[in-house]
Amino acid sequence: MISCAQAALDVVHTLSRTVILAHYIARSPKSPEEDMSSQAWVETLYIAPGHCECRVYAMPYPMAPNQTPADVAMAHQLHDWREIAKLDRDHALVYIEPGYADFTPDIVGRQGGSHFEVIRHAA
């Protein structure tokens with residue numbers, strides 16, 4: 001028998017996935033799988049807050065209206081998010097993956113906790 005807490009987590013996980021998929025459907029006539037394999041797709045870049053440094057993550061989907069990265073279920077955070085850069089305590093770039101280097105001006109100087117959408121293109 002599952003506990004109430006586990007049942008609640010399952011509901012949050014399902015709702016989170018549903019919101020992400022609904023957002024894709026609303027933005028594109030293609031399915032999420034087709035969007036991700038096409039020539040261009042939308043990702044969310046998230047500057048996670050940190051004490052001495054901020055890690056920058058790429059999420060392979062846009063946020064729904066009024067949604068924040070903290071709303072995404074932990075399972076998706078662990079599975080879908082990829083660390084692509086790091087900022088030091090002065091919000092200067094420590095490193096960035098080469099595939100995201102063109103977004104450097106958009107990332108540098110941003111405060112931890114902020115996020116924004118970018119359009120990625122297949123190489």
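**Entry 1: a lysine to start from.** In which strand does Lys86 lie? I found Lys86 in strand E3. I kept in mind that this is a predicted model.

Next I asked myself: is Lys86 buried or exposed? Its relative accessibility is 14%, so Lys86 counts as buried, the cut-off being under 20%.

I then listed what Lys86 touches, leaving aside neighbours within four places in sequence. The contacts are Glu53, Cys54, Arg55, Val56, Ala92, Leu93, Val94 and Tyr95. Of these, Tyr95 is the bridge partner of Lys86 in E4.

**Entry 2: the hairpin.** I followed that bridge to the strand pair. E3 and strand E4 (residues 93-96) run antiparallel to each other, paired over three bridges. Together they make a hairpin, with five residues between the strands. In the turn I noted His91, whose phi is positive at about 65 degrees.

**Entry 3: charged pairs.** How many salt bridges does a search of the whole structure find? It finds five. Lys86 turned up again here, in a salt-bridge network with Glu53, Arg55 and Glu83. Glu53 is partly exposed at 31% relative accessibility, and Arg55 is partly exposed at 31%.

I also looked at Glu97 and Arg82, which form a salt bridge at 2.9 Å, N to O. This pair links distant parts of the chain, 15 residues apart: Glu97 is in the loop between E4 and helix H4 (104-107), and Arg82 is in strand E3. Glu97 is partly exposed at 25%, and Arg82 is partly exposed at 40%.

Then I turned to Glu43 and Arg120, a salt bridge at 3.5 Å, N to O. Here Glu43 in strand E1 and Arg120 in strand E5 are 77 residues apart. Glu43 is buried at 6% relative accessible area, and Arg120 is buried at 13%.

**Entry 4: the core.** Which residues have the most contacts inside the largest nonpolar core? I wrote down Leu45, Val56, Ile84, Tyr100 and Ile107, in a core of 14 residues. Strands E1 (40-47), E2 (54-59), E3 (82-87) and E5 (115-121) each give two or more residues to this core.

Beyond four places in sequence, Tyr100 touches Glu43, Leu45, Ala58, Arg82, Ile84 and Arg120.

Notes: Residues are numbered from 1 along each chain as its sequence is written. This is a predicted model: local features need pLDDT of at least 70, side-chain atom pairs count only at pLDDT 80 or more; totals for chains, interfaces and linings use all residues. Side-chain values use heavy atoms; hydrogens and water are left out. A nonpolar core is a set of buried Ala, Val, Leu, Ile, Met, Phe, Trp, Tyr and Cys residues joined through side-chain atoms within 4.5 Å. Buried means under 20% relative accessible area, exposed over 50%, partly exposed in between (1.4 Å probe, protein chains only). Helices (H or I, at least four residues) and strands (E, at least two) are DSSP runs, numbered from the N terminus. Contact means heavy atoms within 4.5 Å. Two strands pair if DSSP finds at least two bridges between them. A salt bridge is a side-chain nitrogen of Lys or Arg within 4 Å of a carboxyl oxygen of Asp or Glu.
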